[in-house]
Amino acid sequence: MRTKLCDQFGIEFPIFAFSHCRDVVAAVSKAGGFGVLGALAFSPEQLQIELAWLDEHIDGKPYGVDIVMPANLAEGAADATKSQLEAMIPQKHRDFIESTLAKYGVPPLPEGVAGAESLLGWTPSGGHSHVDVALKHDIRLLVNALGPPPPDVVAQAHRHNVPVAALVGSPEQALKQVAAGVDIIVASGTEAGGHTGEISTMVLTPQVVDAVAPAPVLAAGGIATGRQMAAALALGAEGVWTGSMWLTVKESDLQPAVVQRVMHASSRDTVRSRAMTGKPARQLRTPWTEAWDGPESPGTLPMPLQFMATAEAYSRMYRAAEADPDSPAAQLAGTPIGQIAGMLNSVRPARDVIFEMVEQYAAAIERLDALGK
Ligand SMILES: Cc1cc2nc3c(=O)[nH]c(=O)nc-3n(C[C@H](O)[C@H](O)[C@H](O)COP(=O)(O)O)c2cc1C
């Protein structure tokens, strides 16, 4: 399983792990994989703290940072201030959010408790600030989602000798990324957690590999075992890019009530919905996603307005789930997650998960070998 990317990054296994949780990132890199910290939910100041922590706790192992710089935002959103964006959220959406929360008895936030940051890093200025902070640290890879990164970001990363990777859902998108100077393509199938296209990993990966050759490709979406990793490498990928599987490891900071829900979920319990961000993202199906996709929904808003409109509602649901995991209010709390949810059934340290994956990979290759030529 020693692929070109192992040599390029000095890693033992070509297992790339996306997580918003620094403990997961550190654990994966220390176990011989490559952890990538999702920057989206952090302010630039908080990102600086997370990366300083990683520099100190990762034992010199390589890690990366993932930013989200969407190529398409709501009209006028790219240059708008936060209050101008807030003014673009229609009252009927605010009313729908409140009535849905009320239906499930989700209490308001207590006085003095602020909701989650609602703008996140997905405006051009937010994304650029994340890049500036990230490149001050010893990162070895910069990853972008939702379209080709702006040319100045690619140039800035390359000036720091940091390669750039980007997520794609079709071969056409992959070609645009290579033309934009992106070095590594992450082919993300529809079964993946988070933003996804419509093509499955099995069908997408070889098409992307052929389209962008000789650029290296990581296969993503529905990969959590060594057997799936062997399949990805057989499809021509140089490694795997994983996300959902790290939500249930011991180091994950996902709320315990939601971890339990994930462990009981089948592969049919996720939905590709616009409810979270305004763009289709695969997530756990909850009464919240059903409401947004149901007949009384006012329809979702374009990015970044949908998350801005709902950020406080997410804080309220998560508080409710923490206070009483069995309450109707807690049922609303979900998470981005892929169809692999149906195979995530235990909580173990990330290191054990990696080693098991490597053993399974070896067994899969042995089995194929025994089949002969
Ligand atoms: C909880 C969660 C949050 C995610 N957030 C982001 C993100 O902020 N940026 C990004 O590039 N990808 C994000 N993703 C997608 C992952 O990077 C990855 O492509 C995906 O999880 C791979 O498929 P899998 O979930 O089947 O492993 C997220 C995935 C999950 C599960």
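**Exercises: ligand shell and nonpolar cores**

By class, nine nonpolar, eight polar and one charged residues make up the shell around the ligand. The model is predicted.

**Exercise 1.** Find the residues closest to the ligand, and the polar atoms that face its oxygen atoms.

*Solution.* Start with the shell: 18 residues surround the ligand. The closest are Asp66, Gly193, Gly222, Gly243 and Ser244. Next, check polar pairs with a cut-off of 3.5 Å between N or O atoms. A polar side-chain atom of Ser244 sits 2.5 Å from a ligand oxygen. For Asp66, a polar side-chain atom is 2.7 Å from an oxygen atom of the ligand. Gly221 uses a polar backbone atom, 3.4 Å from a ligand oxygen.

**Exercise 2.** Work out how much of the ligand the protein buries, and which elements give two or more residues to the shell.

*Solution.* Take the ligand alone: it exposes 600 Å². The protein buries 93% of that. Then assign the shell to elements. Strand E3 (63-68) and strand E9 (239-242) each give two or more residues.

**Exercise 3.** Describe the largest nonpolar core, and say which element gives the most to it.

*Solution.* Count first: this core has 76 residues. Ile15, Leu101, Trp246, Trp288, Met317 and Ile354 have the most contacts inside it. Now list contributors of two or more residues; among them are strand E1 (15-19), helix H5 (91-103) and helix H14 (350-370). Helix H13 gives the most, with ten residues.

Then follow Ile15. Beyond four places in sequence, its contacts include Val28, Phe34, Met229, Trp246 and Ile354. Finally, look for a separate core: a second one of 35 residues includes Val65, Val133, Val208 and Val212.

Technical notes:
Residues are numbered from 1 along each chain as its sequence is written. This is a predicted model: local features need pLDDT of at least 70, side-chain atom pairs count only at pLDDT 80 or more; totals for chains, interfaces and linings use all residues. Side-chain values use heavy atoms; hydrogens and water are left out. A nonpolar core is a set of buried Ala, Val, Leu, Ile, Met, Phe, Trp, Tyr and Cys residues joined through side-chain atoms within 4.5 Å. Buried means under 20% relative accessible area, exposed over 50%, partly exposed in between (1.4 Å probe, protein chains only). Helices (H or I, at least four residues) and strands (E, at least two) are DSSP runs, numbered from the N terminus. Contact means heavy atoms within 4.5 Å. A residue is near a molecule or strand if one of its heavy atoms lies within 4 Å of it. A polar contact is a pair of N or O atoms within 3.5 Å; within protein, one must be able to donate a hydrogen and the other to accept it, and residues adjacent in sequence count only if both atoms are side-chain atoms. Accessible areas come from the Shrake-Rupley method with a 1.4 Å probe; for residues, only the protein chains shown count as cover. Ala, Val, Leu, Ile, Met, Phe, Trp, Tyr, Cys and Pro count as nonpolar, Asp, Glu, Lys and Arg as charged, and the others, Gly among them, as polar.
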